[in-house]
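Trainee: I have a structure open and would like to go through it. Can we take it piece by piece?

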Amino acid sequence: MTDAPLLIVGASMAGLRTAEGARRAGYAGPITFLGAEAHAPYNRPPLSKELLQTEGQGHADVAFPIRSALEEGVEWVLGRAATALDVERRVVVDETGQQHPYSALVIATGLRPKPLPIDDHGLGGIHVLRTLDDAVALRSVLRPGANVVILGSGFVGCEIAATAAKNGATVSVVSQSRVPLQRALGPQLGAELRRRHEAHGVRFFCGESLFGLVGDPNVERVILTSGVMLECDVLVVAVGSDPNTEWLQGSGLDVSDGVLVDAGLRAIGTDGTVHPEIFAVGDVARYPNPLFDEVPRRVEHWNLPTETGKRAGQLIAAQLAGDDCAPLVDQGFAPLPSFWSDQYDAHVLAFGMTYLADRSELVAGSLDDECVLEYYRGDELVGVCGIGMRSLVQSYRTRFAAPARA
Amino acid sequence: MIKITVDMDKCQHYGQCVFEAPEVFQLNADDKLEYKAEAPDDMLADLEAAADVCPMQAIFLSKE
């Protein structure tokens, strides 16, 4: 079995960074990517922004460059989803029934959008946005004058709203939250971003959900729980994501919410054993971050696929070289989460875990212009977020450390 | 040497690259990105890290 490759399930940013990390740390053996999507790894954030508003953009505009370290010894098996993992035999089975043996396995299968929370009656005109194919399909219907209803006011929903409004669509955002982006940015900044959206003609229906859909064969109107009815040519469902772990059911790994891993990003079984040759990276991995506390979490921020991939790559190289991994694992893993968002001329940059906060405080600038907010959980600084004022926001990088816990 | 190009039409001056390779990338007094167009080969890992963390994926590296 020594010839078996490093198998990376999920041809994603996290998978790519893991492979690069393993090569950088000295692993020279074969690597196989098994990806459900037909595309080589690409960057997802433009899917709700540039690519969504620019006719003709495609994979080449968002693809990650494949660096020289991965030009040799890498096999790409794309357009095929994994369906099962046999931990004992060290084999992954794909949807065609083909078996893929591995020396080390990386789980990088990411997330998929949660579905419409009510019956869709098989109607057309209902979209989600996660993949490149999703974005191309949505772009083709975001025409000037189209009535676009977006369910959900997180980053994906708000960025689609901004892009659709810029494209001349009539945009309504329906959300159970009191203000958009409430969970990530808190009520102050959320209200300000709502104001900026409204200045571009976006209407918000907050504290609302969908009651029903009208139309045949495509959606024509949506009915909100308050009874309000909205014209709707395009309904975008952006109410969060679920981890792609169905293929790991029965494997013995703890997949109760993503893949539970240790500080070496090594998968933990339902019986608590660590699997030293199985790793999880990116959005699908659940791990504690000692900068904040000891609670294992899945964190969907854009920089973490890269951070987890680099970290796992180091461990994989050590594991496959037969080295003792314990010293590397004992170094701990405490990546500083970072996220960013572009909506109109607001370029938002944040560090930390803002959504752990119970309050936010404006510390510089003014909300309607450039500003910086600090986020606190009790007395503990857990996040910072700014519109503009980059140097000040960047200066917070070193200020996160959980207070010693007895 | 490694040649560094930043697509300044894409760049939103987030400054994430500055943290990874401060010898090459800087935010100036107006919080705008400035960078050196060349760096020695031994900086490749840092420069790749800077390119990786760029939210706009606006940093391009090539061998000279």
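Mentor: Start with Gln57(B), which counts as buried because its relative accessibility is 15%, and buried means under 20%. Keep in mind that this is a predicted model.

Trainee: Where is Gln57(B) in the chain?

Mentor: Gln57(B) is in the loop of chain B that runs between helix H2 (44-53) and strand E5 (59-63).

Trainee: Which residues is Gln57(B) in contact with, leaving aside neighbours within four places in sequence?

Mentor: From chain A, Gln57(B) is in contact with Arg17(A), Asn43(A), Phe64(A) and Trp302(A). From chain B, the contacts are Lys10(B), Ala51(B) and Asp52(B).

Trainee: What does the side chain of Gln57(B) do with Ala51(B)?

Mentor: A polar atom of the Gln57(B) side chain lies 3.2 Å from the backbone oxygen of Ala51(B). For the backbone oxygen of Asp52(B), the distance to a polar atom of that side chain is 3.3 Å.

Trainee: And the backbone of Gln57(B), is phi positive or negative?

Mentor: Phi of Gln57(B) is positive, about 50°, although the residue is not a glycine. Most residues other than glycine have a negative phi.

Trainee: Where else is there a positive phi in a residue other than glycine?

Mentor: Leu181(A) has one, with phi near 55°. Leu181(A) sits in the loop between strand E11 (170-175) and helix H6 (182-199) of chain A.

Trainee: Is Leu181(A) buried or exposed?

Mentor: Leu181(A) counts as buried, because its relative accessibility is 3% and the cut-off for buried is under 20%.

Trainee: While we are on the backbone, which peptide bond is cis?

Mentor: The bond from Asp216(A) to Pro217(A) is cis, with omega near 0°. Most peptide bonds are trans. Pro217(A) belongs to the loop between strand E13 (210-215) and strand E14 (219-224) of chain A.

Trainee: Back to Arg17(A). Which residue does Arg17(A) form a salt bridge with?

Mentor: Arg17(A) forms a salt bridge with Asp52(B), and their closest N and O atoms are 3.3 Å apart. Arg17(A) also lies over the face of Phe64(A), 4.9 Å from the ring centre. Phe64(A) and Asp52(B) are both in the list of contacts of Gln57(B).

Trainee: How many salt bridges are there across the interface of chain A and chain B?

Mentor: There are five salt bridges across that interface. It also has 14 residue pairs in polar contact, counting pairs with both residues at pLDDT 80 or more.

Trainee: Which elements of chain A give two or more residues to the side that touches chain B?

Mentor: They are helix H1 (13-24), helix H7 (304-320), strand E22 (338-343), strand E23 (346-352) and helix H9 (390-394) of chain A.

Trainee: How many residues does the contact take from each chain?

Mentor: It takes 23 residues from chain A and 17 residues from chain B. The two chains bury about 1800 Å² between them, and 45% of that is on carbon and sulfur atoms. On the chain A side, Arg67(A), Arg390(A) and Arg397(A) lose the most area to chain B, together 30% of what that side buries.

Trainee: Arg390(A), then. What in chain B touches it?

Mentor: His13(B) is one of the residues that touch Arg390(A). Not counting residues up to four places away in sequence, His13(B) also touches Met8(B), Leu27(B), Asp31(B), Lys32(B) and Leu33(B). His13(B) is in the loop between strand E1 (2-6) and helix H1 (16-20) of chain B.

Trainee: Why does His13(B) count as buried?

Mentor: Because its relative accessibility is 15%, and buried means under 20%.

Trainee: Last one, Asp254(A). Which side chain does Asp254(A) join in a polar contact?

Mentor: The side chain of Ser256(A), at 2.7 Å. Asp254(A) lies in the loop between strand E17 (241-243) and strand E18 (259-260) of chain A. Its contacts beyond four places in sequence include Ile268(A), Thr270(A) and Arg286(A).

Conventions
Residues are numbered from 1 along each chain as its sequence is written. Chains are lettered from A and ligands numbered from 1 in the order in which they are written. This is a predicted model: local features need pLDDT of at least 70, side-chain atom pairs count only at pLDDT 80 or more; totals for chains, interfaces and linings use all residues. Side-chain values use heavy atoms; hydrogens and water are left out. Helices (H or I, at least four residues) and strands (E, at least two) are DSSP runs, numbered from the N terminus. Buried means under 20% relative accessible area, exposed over 50%, partly exposed in between (1.4 Å probe, protein chains only). Contact means heavy atoms within 4.5 Å. A charge sits over a ring if NZ of Lys or CZ of Arg is within 6 Å of the ring centre and within 35 degrees of the ring normal. Buried area is the accessible area (1.4 Å probe) that two parts lose on being put together, summed over both. A salt bridge is a side-chain nitrogen of Lys or Arg within 4 Å of a carboxyl oxygen of Asp or Glu. A polar contact is a pair of N or O atoms within 3.5 Å; within protein, one must be able to donate a hydrogen and the other to accept it, and residues adjacent in sequence count only if both atoms are side-chain atoms.
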